[in-house]
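I opened the model and kept notes on what I looked up. The entries follow in the order I made them.

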Amino acid sequence: MKTNISDNQPKVNSVFQVVLMNVNIQLGALNIGYVLSYLTLTIDTLFENLGISNEERTSSLSLINGILPLGCVLGVIIGYFLKKKFTNKQCIHIADLIGLSSLLAVITNTNVIITFRFFLGVANGISSLIMPVYVKSLCPEKYYYQISMILGYGVNTGLAIGQLMGIGYIKYHGETSNWWRIVFLFPAVIFIIRSTVIYCFYNYDSPEQLLQKNDIEKAKFILSKIYQKEYVEGQLDRYRQIAQNEQLKTQKSFLHIFQKKNLIGLQVGVISMFVQIWCGSFAVFYYSAQIFEELSGGELMLKTIYTICIGLFSAVAQFTTIPMLPKLGQKYILIIGSFLMGAINITIAILSNFKSDTVLFLIFVFLVILIMVFAATLSPVCWGIVPQLNDSDGTFFAMDLRWIFQAILIFSFPYIVQDVNISGAFYIFGSVDLFYTIYCGFFILDSRGKTAAQILEMYYDKYSKFLVLPQTENNQ
């Protein structure tokens with residue numbers, strides 16, 4: 001008989017310290033969210049400083065926005081190979097060090113800004129791969145379900161900070177403004193804070209990586225910092241099994257993720273990452289100032305207020321996931337979220353065919369609701385479900401595709417709007433959301449009250465005749 005996640009679980013020394021440690025690891029999520037929105041209100045002032053003409057605007061906007069997810073694609077690949085040579089903690093430090101180069105993006109030169117936005121993308125790509133793997137390694141199973149979604153919360157909070165930074169452009173805008181430089185400095189601050197806290201307070205390598213190096217004493221010391229004394233030996237045995245499984249996996253080809261036994265977890269992860277990007281919210285995050293240009297009649301103050309509202313309501317809505325999670329579980333949160341977002345996207349598409357002040361305001365209201373639903377559902381849950389159902393190789397593959405999906409969206413959205421207008425774009429997003437609603441109903445299982453191992457066992461039981469997930473200690 002399967003037990004509830006809270007039964008027979010090892011006790012930790014301090015829940016607060018466990019949360020704080022994992023929040024700091026996932027602090028890079030602030031940057032992942034921030035870079036989605038900090039250019040939104042910056043772009044007009046930045047283009048004036050760079051001397052970019054109206055004729056060059058569409059291509060320049062696409063390139064400056066899109067170069068970052070391209071850097072993320074490369075960053076995930078680099079992170080995959082770094083992980084083979086270094087520990088998770090060391091990989092985080094390397095990502096933060098690369099991210100510090102973004103300080104040079106304050107130089108007023110188009111090529112320099114594009115170059116160092118690319119390096120910022122590389123840092124975020126490494127971080128996006130390592131953060132969920134690192135958390136999965138250090139976080140006690142009892143708390144993984146909730147803590148894994150901090151990454152999604154961090155992304156939403158970063159989005160809100162990026163939007164809020166736009167307040168400065170109300171007073172400091174135009175070709176004489178230096179406010180855009182202050183906005184560009186924020187990612188470097190986050191990289192510095194994360195590495196400093198890890199080095200000074202939570203200097204913990206992943207125990208299974210230490211055991212692979214036969215550093216038993218250090219692994220035991222780290223576990224003693226997390227778990228109460230009587231549970232340390234039991235956890236050490238658990239991590240020995242994980243280390244053995246990881247050692248066996250390194251002897252296999254990367255192509256093992258495409259074997260039948262891994263395909264359901266990989267499929268869920270890849271499709272969830274695709275929908276998270278193409279559900280409509282990311283187009284709004286990247287191009288909200290351009291979308292609100294028409295809604296506000298070009299008035300800077302009103303456009304800024306609209307953009308800031310998107311960030312603030314997104315940040316508030318994300319906290320509704322916490323009370324929803326134990327009652328609904330991942331499956332039904334995803335079903336409800338994708339269905340609502342599909343309906344809202346189609347509503348926006350229909351309203352976009354009409355031009356009146358009332359309709360324009362209604363579009364703004366629906367955009368805010370769209371972002372709130374995303375922040376409470378697809379954003380945190382999709383981030384958590386990928387490492388939950390995949391090993392580190394599967395997580396790498398899904399995360400790299402995520403950034404490819406995002407790069408395609410960012411490069412193509414300005415041209416989609418030109419060719420099929422804003423209405424056609426939101427019909428596309430709505431169709432993606434409604435497809436995902438049906439997909440979740442058939443393929444994603446209800447995992448309420450289950451540990452990570454029990455969740456994998458559930459998928460094993462249902463799909464073992466066709467597709468089998470990687471074996472865990474339980475189903476072995």
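Asn 214 has 61% relative accessibility, so I noted it as exposed (exposed is over 50% relative accessible area, buried under 20%, partly exposed in between, with a 1.4 Å probe and protein chains only). I found Asn 214 in the loop between helix H11 (207-212) and helix H12 (216-226). Helices here are DSSP runs of H or I with at least four residues, numbered from the N terminus. The phi of Asn 214 is near 65 degrees, a positive value in a residue other than glycine. Most residues other than glycine have a negative phi.

On provenance, I wrote that this is a predicted model, where local features need pLDDT of at least 70, side-chain atom pairs count only at pLDDT 80 or more, and totals for chains, interfaces and linings use all residues. Residues are numbered from 1 along each chain as its sequence is written, and side-chain values use heavy atoms, with hydrogens and water left out.

Next I looked up helix H6, residues 110-138. I asked why H6 counts as largely enclosed by the rest of the structure. The reason is that 22 of its 29 residues are buried. At the N-terminal end, Asn 109 caps H6, with a side-chain oxygen 3.0 Å from the backbone nitrogen of Asn 111. H6 bends by about 25 degrees at Ile 130 (the angle between axes fitted to the seven residues ending there and the seven starting there). Pro 132 follows within four residues.

Last, I checked Phe 184. Its contacts (heavy atoms within 4.5 Å) include Tyr 38, Leu 39 and Ile 113, not counting residues up to four places away in sequence.

Definitions and conventions. Helix = DSSP H or I, 4+ residues; strand = E, 2+ residues; numbered from the N terminus. Expected span 1.5 Å × (residues − 1). Polar contact = N/O pair within 3.5 Å; in protein donor to acceptor, adjacent residues only side chain to side chain.
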